[in-house]
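User: I would like a close look at a single part of this model. Please keep the answer connected and stay with that part and its contacts.

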Amino acid sequence: MEFDIAHSVVSWLWKSFKTTGIGSRRHGRGRVRSTTPAEERYIILFAKRDRRTTAQQVANQFLAASGKQISRKTVARRLRGGGLYARRPVVCVPLTRQHRTARFQWCREHHNWTEQDWACVLFSDESRFSLSSDCRRQLIWRESGTACRPENIQEKDRYPTCSIMVWTGIMINGRIYVVANGSMTGQRYIDEVLLPHVRLFRGAVGDKFLFMDDNAT
């Protein structure tokens, strides 16, 4: 009967059995960890305090604090063991406290509106899309399922020159899309959005038409 075992392995086991009376391999303790549990907690805490720090920067800080040198791969393994992973941050437009307060107040004032009331409202928003790569891309250390927490969000309101602006208007029974190259100035907004598109919706809806432009009626 063949067990697909090398002859050298069988020979080594037989010699070991005749010498020690044991025919199995002793399990070693493995490689000794380069960091203690307390040091690992320090690494995780440092990354949580500055989530945009790199693994190499954490290793440098650990060397300065403890006098022990570890690699950035070791740092990454310790952070993964603590539930922290390198991920791209969620990017959003910064909102001040006044912005949030005004939006909340507006919602409270209109929470009793019917579907017929909302059918007369045209909501608008715009987004800018970069046509070039973001050379300043930066990863953060965060836990799984926490992408939208404030500490994991990167606020950004400036974009490279090579980009396009997409403006959209949304109603219950219709929508508008406008793509604009370059900067959207006030005059361009009037000539390319309000007059050719929004005015047509107003004429179709009538006197009850309400245009919501960034929460400003």
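Analyst: The model is a predicted one. R77 lies in helix 4, which spans residues 72-81. With a relative accessible area of 43%, R77 is partly exposed. On the surface, R77 belongs to a patch of positive charge, where it gathers with R31, R72, K73 and R80.

R78 is buried, its relative accessible area being 11%. R78 forms a salt bridge with E40, and the closest N and O atoms are 3.4 Å apart. Since R78 lies in helix 4 and E40 in helix 2, the pair ties together parts that are 38 residues apart in sequence. E40 is also buried, at a relative accessible area of 16%. The pair is part of a network of salt bridges that links R33, E40 and R78. In the whole structure, a search finds six salt bridges.

K48, in helix 2, pairs with E143 in the loop between strand 4 (140-142) and strand 5 (153-155), 95 residues apart. The closest N and O atoms of this salt bridge are 4.0 Å apart. K48 is partly exposed at 38% relative accessible area, whereas E143 counts as buried at 19%.

Technical notes
Residues are numbered from 1 along each chain as its sequence is written. This is a predicted model: local features need pLDDT of at least 70, side-chain atom pairs count only at pLDDT 80 or more; totals for chains, interfaces and linings use all residues. Side-chain values use heavy atoms; hydrogens and water are left out. Patches are made of residues with over 30% relative accessible area and no salt bridge: like charges are joined within 9 Å, nonpolar side chains (Val, Leu, Ile, Met, Phe, Trp, Tyr) within 5 Å. Accessible areas come from the Shrake-Rupley method with a 1.4 Å probe; for residues, only the protein chains shown count as cover. A salt bridge is a side-chain nitrogen of Lys or Arg within 4 Å of a carboxyl oxygen of Asp or Glu. Lys and Arg count as positive and Asp and Glu as negative; His and the chain ends are not counted. The place of a charge is taken as NZ of Lys, CZ of Arg, CG of Asp or CD of Glu. Helices (H or I, at least four residues) and strands (E, at least two) are DSSP runs, numbered from the N terminus. Buried means under 20% relative accessible area, exposed over 50%, partly exposed in between (1.4 Å probe, protein chains only).
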